[in-house]
Amino acid sequence: MRSNHVWLLAAMLALTAPVHAQQNFPSKPIRIIVPSTPGSTQDILARLVGPKLSDTFKQPVVVENRPGAAGILGIMQVVKATPDGYTLMAMGPGYAVLAATRDNLPYDAIKDLRGVAQIGYNTAALLVYPGLGVKSVKELIAYAQARPGKILFGASAAGSSTHINAERFRLAAGIQAKHVGFKGQPEFLIEIAAGRVQFGVSGIGAAMSLIRNGQLLPLAITSQKRAAALSDVPTAAEVLPGWGNDGSHALFAPATTPRAIVQQLNREVNRALDAPDLRERLSGIDFNIHTATPEEFDKALQSDIVLFTRIAKEAGLRAK
């Protein structure tokens, strides 16, 4: 009889241990993996949200950049991580773009990771080298058409979100241009500013300092309304119907992370995004905050993958 009581007590402790662990979450530092170089939009977002979470949780939130292979190296670190909420990933539309453009990914974009919290939508800009001599989208198209296949556009690695956004512009404009891939946004923006690459599409946040210094010239932005920081720059819809920007930035976690922890993280990220100082910072780079439940974001992600798959086929971007 005594042995039965001991067995029952042990079983009850085993069942309640995970619950107790979740109730005490977090009890150690949290890592946010950014699968790109410092200065990218997802890096900026992680470094803005991270301190807010640290203040709330009373635990360090460390941002680690793990660029490489269009983000796959960083993604795999999160896929292989223990699903306990202590390893997260900050990434933008590139996550859906990779799923849409590559057949042999070492992970399943839907089954291996899940959304923790949606952060929002980036405002991207079509940027050119000021010395190119073009002042509008129409002039850039004319410049490219006079030099078919001879001008270069910069983007992150093939299949990245900056690559597909630039390809979307190229298709809508009906021009021929060659893609030059770099590790991340900061690298290809420097090459455009130096005149070694003629144009590219990048988030305003990553490009703003170079724009303000006159080293990059924005010709159009991808949001539906003009950006406060670039009020004289037209939207894509104004100058080139058929070109735009899709996909959102979010935090991800391993798919089997306990639901209670995912919901807790979702609540705290949403609370952080509601802070006036953070909203002001994001407004300064025309980032559009948009929150959602984990379930809502997962549905939106699947829709983005379907959309980007169609675009990738039209642009011939499907990689093996």
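Predicted model: local features only at pLDDT ≥ 70, side-chain atom pairs only at ≥ 80, totals over all residues.
Two strands are said to pair if DSSP finds at least two bridges between them.

Residues are numbered from 1 along each chain as its sequence is written, and side-chain values use heavy atoms, with hydrogens and water left out.

To which other strand is β5 joined, by five bridges? That partner is β8 (residues 199-203), and the two run antiparallel. Here V128 stands opposite F199. Strand β5 (residues 124-128) is mostly covered, with five of its five residues buried. Buried means under 20% relative accessible area, exposed means over 50%, and partly exposed lies in between, with a 1.4 Å probe and protein chains only. A124, L126 and V128 point one way from β5, whereas A125 and L127 point the other way, and all are buried.

Let us turn to the whole sheet. As a general point, strands of a sheet pair through backbone hydrogen bonds, either parallel or antiparallel. This sheet is open, has five strands in the order β7-β6-β8-β5-β9, and shows mixed pairing. Its edge strands are β7 (178-182) and β9, each of which pairs on one side only. Neighbouring strands are turned by 30° against each other on average, direction ignored. For such angles, axes are lines fitted to C-alpha atoms, for helices over the stretch in contact, and values run from 0 to 180 degrees between N-to-C directions. A parallel pairing is that of β6 (residues 152-156) with β8, which are joined by two bridges. There, G154 has G200 of β8 as its bridge partner.

I come now to the aromatic residues. The structure holds eight aromatic pairs. Rings of Phe, Tyr and Trp (its six-membered ring) pair if their centres lie within 6.5 Å; planes under 30 degrees apart count as stacked, over 60 as edge-to-face and the rest as tilted. Why is the pair of Y95 and Y107 stacked? The ring centres of Y95 and Y107 are 6.1 Å apart and the planes lie at 15°, so the pair is stacked. This pair links distant parts of the chain: Y95 is in helix α4 (residues 94-101) and Y107 in the loop between α4 and β4 (113-121), twelve residues apart. Both Y95 and Y107 are buried. F169 and W243 form an edge-to-face pair, 5.3 Å centre to centre and with 65° between the planes. F169 and W243 are both buried. Y95 and Y107 also belong to one aromatic cluster with F252 and F297.

Finally, the helix that carries Y95. Helix α4 packs with α12 (residues 294-315) at an angle of about 50°, the axes being 8 Å apart. That angle makes α4 oblique to α12, because angles under 35 degrees count as roughly parallel, over 145 as roughly antiparallel, 65 to 115 as roughly perpendicular and the rest as oblique.

Definitions and conventions: Helix = DSSP H or I, 4+ residues; strand = E, 2+ residues; numbered from the N terminus.
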